[in-house]
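Good morning, colleagues. Please turn to the structure on the screen while I take you through the ligand shell, the core and the strand pairing.

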Amino acid sequence: MVKAIELHDVELSLGRGAARVHILKGVSLAVERGEAIGLVGPSGSGKSTLLMTMAGLERPDSGTVRIDGEDLAPLDEDALARFRGRRIGIVFQSFHLLPTMTALENVAVPLELAGASDAFARARAELEAVGLGARLSHYPAQLSGGEQQRVALARALAPDPAILVADEPTGNLDEATGAQIVDLLLAMKRERGATLVLVTHDQSLARRCDRTIALRSGRIERAGEPALA
Ligand SMILES: Nc1ncnc2c1ncn2[C@@H]1O[C@H](COP(=O)(O)OP(=O)(O)OP(=O)(O)O)[C@@H](O)[C@H]1O
């Protein structure tokens with residue numbers, strides 16, 4: 001069976017000259033289609049870097065990254081950006097919404113730029129699905145943190161990606177709101193049959209995923225067995 005995400009012996013360094021840091025060290029892992037993975041580990045262990053590598057936003061120095069069986073290495077930057085746009089939804093801790101656009105525009109405009117003819121109708125449906133049907137015309141500054149993260153989630157899901165990656169999506173939220181966002185992430189990925197990789201410091205949130213993968217000092221410390229293999 002083709003894996004949703006497959007890394008083999010990935011080495012990755014970031015930074016220049018004396019500031020260059022060897023972050024990922026021989027990382028190999030496989031994520032089944034439809035799995036929800038909680039990616040955990042101490043601060044600085046490389047979780048965000050690994051997530052960005054899985055999402056095709058960082059390229060490894062060596063080793064291979066395959067998404068749905070496709071090796072990302074031969075893709076040039078344009079092809080990689082198109083691949084990401086079609087297949088991968090990304091949610092960040094700090095929402096990354098455009099402050100001058102309404103909730104609806106934040107979701108619809110990227111869809112429109114990607115060539116969707118029904119961008120505004122789809123954006124409206126996505127915002128309704130995350131419970132924001134009554135907030136379409138609000139600007140990010142008029143929304144709570146949890147609502148802003150729902151807009152970001154709607155934006156990530158709008159192109160119907162097969163893979164959703166979320167980097168500390170609850171990091172700027174209080175505990176109860178954070179738990180609601182994880183509920184929503186898990187419900188959305190189940191409904192759509194997507195694969196989810198969630199970076200979190202919170203072990204109790206990570207345990208709600210099908211499986212946790214633990215990183216330490218850039219190496220996989222523990223990966224568990226996929227329940228869906
Ligand atoms: N662009 C960069 N240049 C140099 N070093 C970097 C760069 N990005 C990350 N690092 C370093 O790589 C290591 C891993 O960072 P990363 O953000 O992946 O860890 P993390 O486990 O997600 O940490 P946290 O939980 O604190 O967010 C850290 O020591 C960090 O300082």
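I begin with the shell around the ligand, whose residues comprise eight polar, four nonpolar and one charged. Please bear in mind that this is a predicted model. In total, 13 residues surround the ligand, and the closest are Leu14, Gly15, Ser43, Ser48 and Thr49. Which elements supply at least two residues each of this shell? They are strand E2, residues 21–31, and helix H1, residues 47–54. Of the contributors, H1 gives the most, with three residues.

The largest nonpolar core contains 60 residues, and Leu39, Val107, Val165 and Leu198 have the most contacts inside it. Helix H5, residues 145–157, provides the largest share of this core, namely six residues. As general background, nonpolar side chains in soluble globular proteins tend to be buried together. Let us consider Leu39 in detail. If neighbours within four places in sequence are set aside, Leu39 is in contact with Lys47, Leu50, Leu51, Val197, Leu198, Val199, Ile213 and Leu215.

Finally, the strands. How do E1 and E4 run, parallel or antiparallel? Strand E1, residues 5–14, and strand E4, residues 62–67, run antiparallel and are joined by five bridges. Within this pairing, Glu6 has Arg66 in E4 as its bridge partner. E4 is also joined to strand E5, residues 70–71, by two bridges, again in an antiparallel arrangement. Here Ile67 stands opposite Glu70 in E5. E4 and E5 form a hairpin with two residues between them, and Asp68 in the turn has a positive phi of about 50°.

Methods
Residues are numbered from 1 along each chain as its sequence is written. This is a predicted model: local features need pLDDT of at least 70, side-chain atom pairs count only at pLDDT 80 or more; totals for chains, interfaces and linings use all residues. A nonpolar core is a set of buried Ala, Val, Leu, Ile, Met, Phe, Trp, Tyr and Cys residues joined through C-beta atoms within 7 Å. A residue is buried if 20 or more other C-beta atoms lie within 10 Å of its own, exposed if 12 or fewer, and partly exposed in between; C-beta atoms are placed from the backbone. Helices (H or I, at least four residues) and strands (E, at least two) are DSSP runs, numbered from the N terminus. Two residues are in contact if their C-beta atoms, placed from the backbone, lie within 7 Å. A residue is near a molecule or strand if its C-beta atom, placed from the backbone, lies within 6 Å of it. Ala, Val, Leu, Ile, Met, Phe, Trp, Tyr, Cys and Pro count as nonpolar, Asp, Glu, Lys and Arg as charged, and the others, Gly among them, as polar. Two strands pair if DSSP finds at least two bridges between them.
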